[in-house]
Amino acid sequence: MIQLSIIIPFYNVERYITQCLDSVYRQDIPEEEYEVICVNDASPDHSRDIVLEYQKQHKNLVLIEHEHNKKLGAARNTGRSIARGKYIWNVDSDDYIAENCLSSILKQCEQNNLDILMFNLASDTEGVNNTVDFPFCVSDTPQEGITCLNQNISEIGRLCPVWRYIYRRDFLDANKVYSPEINMGEDLPYAFKSLLLAKKILLVNEVYYHYRINPASLTGVSTLKPIVLYEKCFLAARLVYDLLKYIPNDDTILRKVFKNMVRYIVYIYP
């Protein structure tokens, strides 16, 4: 039985994708219990050739091809559309995951019947790992997502990367949580909608994810193209604003924070 689907969209990452794929195969559960779904978003480099070599060695690796570039959000949805795992992990192709972490992750999800598992991360700058001291409130027992948001309201902007969560797939499906098909800001509505609707989320301090500080990535580019600015400023902001309907009227602090977040998204990129 497939317990976990790891979805890895890739585009122009031939320098990094080997480390990413090595990490998902240095694990402590049989390959029959998870699948690795790589989505080639019309990558112009040799990333596809690297993935094909891994596919020869690993029967649980599935390669999906986009005929043209559809952007990160769409690539994640493509992978999700064929996923068979009980749980979903969105992993970026220039990052990597912790060695031998899958057994612990799945045990925590199963024992607590979680909608979402949230964990810590480490940053990687030119091969130097530095654990991020992210001051979120670790929970000993599962809690509602809104409780998580309120407890971490001072650091709410750091809750948005979807790769720091393991999601139960039927929870995502039931609540129609999908990635907006844009390149910038796609994490915001996906992460926050799932947090607002989750009934059982557990926050643990284990470092399961390694985030690469990559100057060539979308978030690392200092000068953004007009279409990317439009996506970040207006499309993503509008989707976050639409999430207000999921916040109870009596939760005025959280509603205020979300409105301020929308203003910030719009004005931070003039």
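Mentor: The buried residues of H1 pack against strand S1 (4–10), strand S2 (34–40), helix H2 (47–57), strand S3 (61–65) and strand S5 (96–97), where contact means heavy atoms within 4.5 Å. Those buried residues, in a helix spanning 17–25, are Ile17, Cys20, Leu21, Ser23, Val24 and Tyr25. Buried here stands for under 20% relative accessible area, with a 1.4 Å probe and protein chains only.

A word on the ground rules: this is a predicted model, in which local features need pLDDT of at least 70 and side-chain atom pairs count only at pLDDT 80 or more, while totals for chains, interfaces and linings use all residues. Residues are numbered from 1 along each chain as its sequence is written, and side-chain values use heavy atoms, leaving out hydrogens and water.

Now to S6, residues 116–125: 9 of its 10 residues are buried. Strands are DSSP E runs of at least two residues and helices H or I runs of at least four, numbered from the N terminus. S6 pairs with strand S8 (residues 165–168) in the antiparallel sense through 3 bridges; pairing requires that DSSP finds at least two bridges between two strands. Within that pairing, Met118 faces Tyr165 of S8. S6 also runs parallel to strand S9 (residues 201–212), joined by 8 bridges, and there Asn120 has Val207 as its bridge partner.

Definitions and conventions: Buried means under 20% relative accessible area, exposed over 50%, partly exposed in between (1.4 Å probe, protein chains only).
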